[in-house]
Amino acid sequence: MAILKGISAKQEFFLLVIALFLIEFVRGAFIFSFLPGLSIHPLGISLTIIGVAVSIHFIGDSVTNLIIGYVMKPLGSNLVIHLSFFISLVSLTIAATWTNSFTMIFSALLLGIGVCPLWIILLAKAGNKKRGQNISIVYFGWLSGIGAGLVTMNHFLQFNIHHILWFLPILVLLGWIIYSLANKGDISYRHSDLKEQRDITFRLLKTSKVVVPGLIFQGIAIGMIIPILPAFAINVLGVTTNQYSLLMLLGGGSALLFLVPIGKLVDRITNKLILFIIGLCLLAMSLLFLIISPNLAVTISIVVFLGICYALYLPAWNSFIASYIPENLKEAGWGIFSALQGFGVMIGPTVGSILAHQNNIITTIQFSAGIFGLTAVIYLFYSLWYRNKNLLL
């Protein structure tokens, strides 16, 4: 029961989005900023350990997504969410108290487990009426939370890195309080048994196998960049910490700004795959040009363009894969495809950090760009092979 009496379903939903914003703020600050930032701060934590910690976080998140239904069914969604907030709080308290290689990996894993269940609650409470609009609000809370956390932590890292994490458990506690005040009770959660899930997965992969390489390769390419971004920006591009925060803000802002208008453009074009291929090619080339950027002005231009490229290929790709999911498998299909992309994001950070450690940071960027380019080539050949069979959507 909600502690706030008389709260409407709409008010409950928006308060839960605020709780999601706070928990994603924490994720953005710790996983996307603090951990990669350790590569440029003298705390004795290697780039390989940072990559492993980021990978472990996404493993915890993905595995939790797969098994959460089995936990919610006997315990109830409300208790599971309270446990998830508790796990997140413990995770960040450990990280703030003992900052070393083991605790960074362990805390990243616990945080991956803790941040997952709130998503399910919000998607379930989005309702059938205005569901698309409500899901957009959920995604806005997610993206803005991660972005705000990343930029804020980047700024704070200039000061006292030894005690900088203590504001994160406080934010988790605040999100927990908001959830406790707003949540009106358990949700009904439909869960299939293992045999049904296995049958659905094999049936979907059989009919939609063409999208599998794109899902995994994109995840790997994106994941490779995450742990080395601060070191790349400061050591290779020669920017300051504040300038790096500005670059992240401009890149993410341009992606959000152009996502809706480009999404409308995608809806009007029949061949979604061509836009996806173009977007990936431009993304790969932009990463390579970023390596040789001569000054800050050019770097800013390339980063903004990278954001636009992301806004171009993402809706085109999502529209393309949606056309390969049978109508009766829509709900399960997106979950399975998200897990496949998550598999790429799991291994990407470890691969990227090992490449950077054994060679140099530029090598990781080049490999990431190469994987984006390879993905574009694979689907270019696919589009040429099937162009006369009316299979492209």
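**Exercise 1. Work out how much space lies in the largest cavity, and which residues line it.**

Step 1. About 60 Å³ of space lies in the largest cavity. Here a cavity is a set of points, on a 1 Å grid over the protein atoms alone, where a 1.4 Å probe fits but cannot get out; its volume is the space filled by probe spheres set on the points.

Before going on, note that this is a predicted model, where local features need pLDDT of at least 70 and side-chain atom pairs count only at pLDDT 80 or more, while totals for chains, interfaces and linings use all residues. Residues are numbered from 1 along each chain as its sequence is written, and side-chain values use heavy atoms, with hydrogens and water left out.

Step 2. Find the lining, meaning residues with an atom within 4 Å of a point. Among them are Ser33, Gly37, Asn154, Gln158, Thr241 and Tyr244.

Step 3. Helices are DSSP runs (H or I, at least four residues), numbered from the N terminus.

Step 4. Sort by class: you get four nonpolar, six polar and no charged residues. In this sorting, Ala, Val, Leu, Ile, Met, Phe, Trp, Tyr, Cys and Pro are nonpolar, Asp, Glu, Lys and Arg are charged, and the others, Gly among them, are polar.

**Exercise 2. Trace the salt bridges around Arg27.**

Step 1. Look for a side-chain nitrogen of Lys or Arg within 4 Å of a carboxyl oxygen of Asp or Glu, which is what a salt bridge is. The whole structure gives you two.

Step 2. Start with Arg27 and Glu24, whose closest N and O atoms are 2.8 Å apart. Both sit in helix 1, three residues apart, or about one turn.

Step 3. Now take Asp61 and Arg27, with 3.7 Å between the closest N and O atoms. Asp61 lies in helix 2 and Arg27 in helix 1, so this pair ties together parts that are 34 residues apart in sequence.

**Exercise 3. Decide whether Arg27, Glu24 and Val63 are buried or partly exposed.**

Step 1. Use the cut-offs: buried is under 20% relative accessible area, exposed is over 50%, and partly exposed is in between (1.4 Å probe, protein chains only).

Step 2. Arg27 has 5%, so it's buried. Glu24 has 0%, so it's buried too.

Step 3. Val63, in helix 2 (residues 47-75), counts as partly exposed because its relative accessibility is 40%.

Terms used:
Helix = DSSP H or I, 4+ residues; strand = E, 2+ residues; numbered from the N terminus. 1 Å grid on protein atoms, 1.4 Å probe; cavity = no way out; pocket = protein on both sides within 12 Å on 5 of 7 lines; lining within 4 Å.
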